[in-house]
Amino acid sequence: MENNNQKNEQLLLDMAKELEKKNKTIWSSMWAIMIVSMTALMAGIFIAAFLIPEGVWQLVTILVVCIVFLIPCFYALKLEVSVGAYKCKNCGYEIVPTYSEALWAMHRGTTRHLNCPKCNKWTWCKKVLKK
């Protein structure tokens with residue numbers, strides 16, 4: 001019986017480590033997507049500003065570049081919401097917002113302005129990878 005308990009504990013520890021590793025991989029992927037899309041946005045705006053003559057085509061190019069930039073941003077937000085939680089500054093409660101809540105919440109890097117369901121206060125919540 002004790003041997004089974006030890007095996008179960010070891011299995012749970014292994015599963016927790018594997019989940020943490022997957023979360024870090026997803027988190028790294030999210031940042032890689034954002035860096036590549038920001039670089040592409042800057043390159044596209046540079047091309048539109050300096051290589052395309054002023055007029056309709058320049059405006060169309062800038063609009064297309066901005067729209068193409070937004071697509072990976074929405075995907076990166078989905079990855080960010082799927083990993084970890086946000087910790088309330090007031091009570092320490094870990095909030096897991098919906099995609100829509102995260103999309104419309106003001107943010108500064110990995111900190112979002114969310115309403116805590118436990119203390120019912122709006123506060124800047126820091127992202128934590130462990131739940």
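1. At 30% relative accessibility, Glu20 counts as partly exposed, where buried means under 20% relative accessible area, exposed means over 50%, and partly exposed lies in between, using a 1.4 Å probe and protein chains only. Its partner is Lys24, with which Glu20 forms a salt bridge whose closest N and O atoms are 3.6 Å apart; the term salt bridge is used here for a side-chain nitrogen of Lys or Arg within 4 Å of a carboxyl oxygen of Asp or Glu. Lys24 is partly exposed too, with a relative accessible area of 45%.

2. Some notes on the model come next. This is a predicted model, in which local features need pLDDT of at least 70 and side-chain atom pairs count only at pLDDT 80 or more, while totals for chains, interfaces and linings use all residues. Residues are numbered from 1 along each chain as its sequence is written, and side-chain values use heavy atoms, with hydrogens and water left out.

3. How far apart do Glu20 and Lys24 stand in helix 1? They are 4 residues apart, and therefore separated by about one helical turn; helices (H or I, at least four residues) and strands (E, at least two) are DSSP runs, numbered from the N terminus. Glu18 and Lys22, which are also both in helix 1, are again 4 residues apart, about one turn of the helix, and they form a salt bridge with closest N and O atoms 3.5 Å apart. Glu18 is partly exposed at 46% relative accessibility, and Lys22 is partly exposed at 49%.

4. The whole structure holds 3 salt bridges, and one of them joins Arg112 to Glu80, with the closest N and O atoms 3.4 Å apart. Arg112 lies in strand 4 (residues 111-115) and Glu80 in helix 2 (residues 56-82), so this pair ties together parts that are 32 residues apart in sequence. Both Arg112 and Glu80 are buried.

5. The structure also holds 2 aromatic pairs. Rings of Phe, Tyr and Trp (its six-membered ring) pair if their centres lie within 6.5 Å, and planes under 30 degrees apart count as stacked, over 60 as edge-to-face and the rest as tilted. The rings of Trp27 and Trp31 have centres 6.4 Å apart and planes at 75°, so this pair is edge-to-face. Trp27 and Trp31 are 4 residues apart in helix 1 (residues 2-50), which means that about one helical turn separates them. Is Trp27 buried or exposed? Trp27 is buried, with a relative accessible area of 16%, whereas Trp31 is partly exposed at 38% relative accessibility.

6. Phe46 and Phe50 form a tilted aromatic pair, with 4.9 Å from centre to centre and 50° between the planes. Both residues lie in helix 1, 4 residues apart, about one turn of the helix. Phe46 counts as partly exposed at 49% relative accessibility, while Phe50 is exposed, with a relative accessible area of 61%.

7. Charged side chains also lie over aromatic rings. Arg108 lies over the face of Trp124, at 4.0 Å from the ring centre, and Lys127 lies over the face of Tyr86, at 4.5 Å from the ring centre. A charge sits over a ring if NZ of Lys or CZ of Arg is within 6 Å of the ring centre and within 35 degrees of the ring normal.
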